[in-house]
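Here are a few friendly notes to read beside the structure.

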Amino acid sequence: RMFLSCSDDKTVGLWDVRRADKKVRSLVGHRNWVKSIEYCNNIHLLITTGFDDTIRLWDLNEFSAGAVESKVVMRVQFVSRVVLSPDSSQLAISSMIGMLAIIKNLDLRSLEADFCDFSISNCWRAHLNGDDSCLNGEHFLRRRNKLKLCFDFLPEMNPWSMSSLQMHPEGQFVLTRFSSNKSDTEWTALHIIDETLAKDEQPKLYRYIEEPNKEKEYIKEMCFSHDGR
């Protein structure tokens with residue numbers, strides 16, 4: 001009966017499909033445009049990202065009690081999108097600076113505690129500068145909320161403005177659409193994130209498409225079919 005929307009007016013809108021001419025409520029918390037929204041069915045939590053560099057959780061179980069407040073659970077510089085796997089066991093995160101991260105064995109309620117002292121963005125930048133020391137840290141080794149970063153983009157891809165992100169219906173692949181940092185080429189990339197299929201613990205680039213960018217910074221949206229083929 002209900003659906004949610006995110007908006008450049010910094011709010012998340014709650015709507016009733018039977019009376020869609022007016023929002024039931026606006027959820028206020030982000031300090032800049034809200035760019036993606038996902039709903040975790042099994043624990044009734046809403047997860048959003050905004051151009052305020054935050055990933056926030058909203059507990060809709062509190063809706064009937066009054067105001068729904070958000071909690072900042074992660075800070076990711078230039079974060080653009082998050083997407084949940086259908087079973088809510090994985091979370092993919094993309095950013096406008098070309099970062100792609102996967103969190104395995106996801107526990108949304110523990111994200112804040114597990115990442116309060118760690119910057120995914122800084123780790124990403126360190127790797128690009130040849131420093132992989134952070135990859136040996138506990139965030140990459142533990143079981144709960146285990147972090148994976150996708151580094152195996154082709155050199156000519158030089159990912160930038162990664163603002164389109166989708167998860168395979170069975171959680172086996174992540175699909176991204178992005179421009180190169182010169183904005184002259186657009187790429188569609190498919191990464192294997194299922195460790196059994198990849199035959200490795202690290203995400204692997206599986207397929208990609210290169211196309212000329214006919215309009216600067218124009219990124220197309222994508223989706224999987226229901227069977228993932």
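**Notes on the strands**

1. Strand β6 (residues 54-59) and β7 run antiparallel and are joined by 5 bridges. Across this pair, L57 stands opposite K71 in β7. Strands here are DSSP runs (E, at least two residues) numbered from the N terminus, and two of them pair if DSSP finds at least two bridges between them.

2. A word on the source: this is a predicted model, where local features need pLDDT of at least 70, side-chain atom pairs count only at pLDDT 80 or more, and totals for chains, interfaces and linings use all residues. Residues are numbered from 1 along each chain as its sequence is written, and side-chain values use heavy atoms, with hydrogens and water left out.

3. The β6 and β7 strands belong to an open sheet of 4 strands, ordered β4-β5-β6-β7 with antiparallel pairing. Its edges are β4 and β7 (70-75), each pairing on one side only. On average, neighbouring strands of this sheet are turned by 25° against each other, direction ignored (axes are lines fitted to C-alpha atoms, and angles run from 0 to 180 degrees between N-to-C directions).

4. At the β4 end, β4 (residues 34-40) pairs with β5 (residues 45-50) in the antiparallel sense over 6 bridges. I37 has T48 in β5 as its bridge partner. The hairpin has 4 residues between these strands, and H44 takes a positive phi near 55°.

5. Please also look at β8 and β9. Antiparallel β8 and β9 (residues 91-95) are joined by 5 bridges, with V79 opposite S95 in β9. Their hairpin has 6 residues between the strands, and S88 takes a positive phi near 60°.
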